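Dear colleague,

I am handing over a structure to you with this email, and I would be grateful if you could read the notes below with the model open beside them.

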Amino acid sequence: MSSNVRPAAMERITTPELAKAFIDEQVAQVRAQVGDKKVLLALSGGVDSSVVAALLIKAIGKQLVCVHVNHGLMRKGESEDVIRVFGQEMDANLIYVDATDRYLDLLAGVSEPERKRKIIGEEFIKIFDEEAAKLEGISFLAQGTIYPDILESKGVKAHHNVGGLPEEMDMELVEPVKLLFKDEVRVVGEALGLPHSMVYRQPFPGPGLGVRCLGAITRDRLHALREADAILRDEFDKCGLAGKVWQYFIAVPDMKSVGVKDGKRYEGWPAIIRAVNTKDAMTATIEEIPYEILHKITNRILAEVEGINRVCMDLTPKPVGTIEWE
Ligand code: XMP
């Protein structure tokens, strides 16, 4: 096992040239470690697992088996992007598991946030185990551990990430980016040819939209949340805020208010916009969004999203409010 300590002399990877040198070195190292054996990777579509996937595809091609579990709580288009980029463009060995029904059935009626997180995390491990059991000759487990994970002494991403894997999985680890900081992982990802939108993706919690569809998740409210969130992201992309704001999303609480649409009473849920800036997610400030953009987002959500009849803006810094609502 290689060292978990970043050598003091290790240069910060800031340019495509430095990224290329790192990639060449890791490709050789991974080939030496793995030989002709197979490697399994849980590919969430997040920055770290995506960069590891691209790196390992370059190093060992089809000896890498990627498993993407769609828990039904992804943002609009995310699983489709994983399939397109890795399954089609990079021609990876990709197993896609649509576990939407399984998750939503398990989560039905569960309103307590930590219980929701637990169900989502545990089910992921079960599904990943089931898929691993169907495969033969897997000797290694790849993980997108990065240096901050090691510094936070989690070692592996098992804490509250859905990417956390069963400890009893008795496989040797392949962790090619474990000595890199996030900004370096992104530079390496771009050098590997991953799309900019994937590499510079804003942070997204493991339990996904599950912690933004507040209280007990229902399919109709989850659908409304996903559509409203897609509009927010689209408008932030168009006006340049996407590259400026650290994290932005919609939360939809389990409450209705009265409204009026097409001359008729229209009861619906509120869509709450949250857009925050932070360095380390321990504290956060509120991004000032021009009213013109807020009006545009509001009008689109009200016109395009079934079930939403109000749009609100959360102006709460952290502390007191956490970034997520639950
Ligand atoms: P809070 O809400 O605690 O969030 O201010 C800080 C950062 O952590 C993310 N977050 C999570 N990430 N699993 C994750 O992988 C979770 O259960 C979870 N809860 C919050 C949140 O999106 C923010 O970036």
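How many Å separate an oxygen atom of the ligand from an N or O atom in the side chain of Arg117? The separation is 2.4 Å, and it counts as a polar contact, that is, a pair of N or O atoms within 3.5 Å, where within protein one must be able to donate a hydrogen and the other to accept it, and residues adjacent in sequence count only if both atoms are side-chain atoms.

Before going further, please keep in mind that this is a predicted model, in which local features need pLDDT of at least 70 and side-chain atom pairs count only at pLDDT 80 or more, while totals for chains, interfaces and linings use all residues. Residues are numbered from 1 along each chain as its sequence is written, and side-chain values use heavy atoms, with hydrogens and water left out.

A polar side-chain atom of Glu324 lies 2.5 Å from an oxygen atom of the ligand, and a polar backbone atom of Ile323 is 2.7 Å from a ligand oxygen. Taken alone, the ligand exposes 490 Å², of which the protein buries 83%; these accessible areas come from the Shrake-Rupley method with a 1.4 Å probe, and for residues only the protein chains shown count as cover.

The histidine

His71 lies in the loop between β2 (64-70) and α3 (78-89), where helices (H or I, at least four residues) and strands (E, at least two) are DSSP runs numbered from the N terminus. The side chain of His71 reaches the backbone oxygen of Gly206 at 3.2 Å. With a relative accessibility of 4%, His71 counts as buried, because buried means under 20% relative accessible area, exposed over 50%, and partly exposed in between (1.4 Å probe, protein chains only).

The cysteines

A disulfide is a pair of cysteine sulfur atoms within 2.5 Å, and by this rule the count comes to zero. Cys213 is in no disulfide, since the nearest cysteine sulfur, that of Cys312, is 16 Å away. Cys213 is buried, at 0% relative accessibility, whereas Cys312 is partly exposed, with a relative accessible area of 34%.

Helix α9 (residues 219-239) has 21 residues and should span 30 Å at 1.5 Å a residue, the expected span being 1.5 Å times one less than the number of residues. The end C-alpha atoms of α9 are 30 Å apart, which agrees. Gly240, which follows α9, has a positive phi, near 85 degrees.
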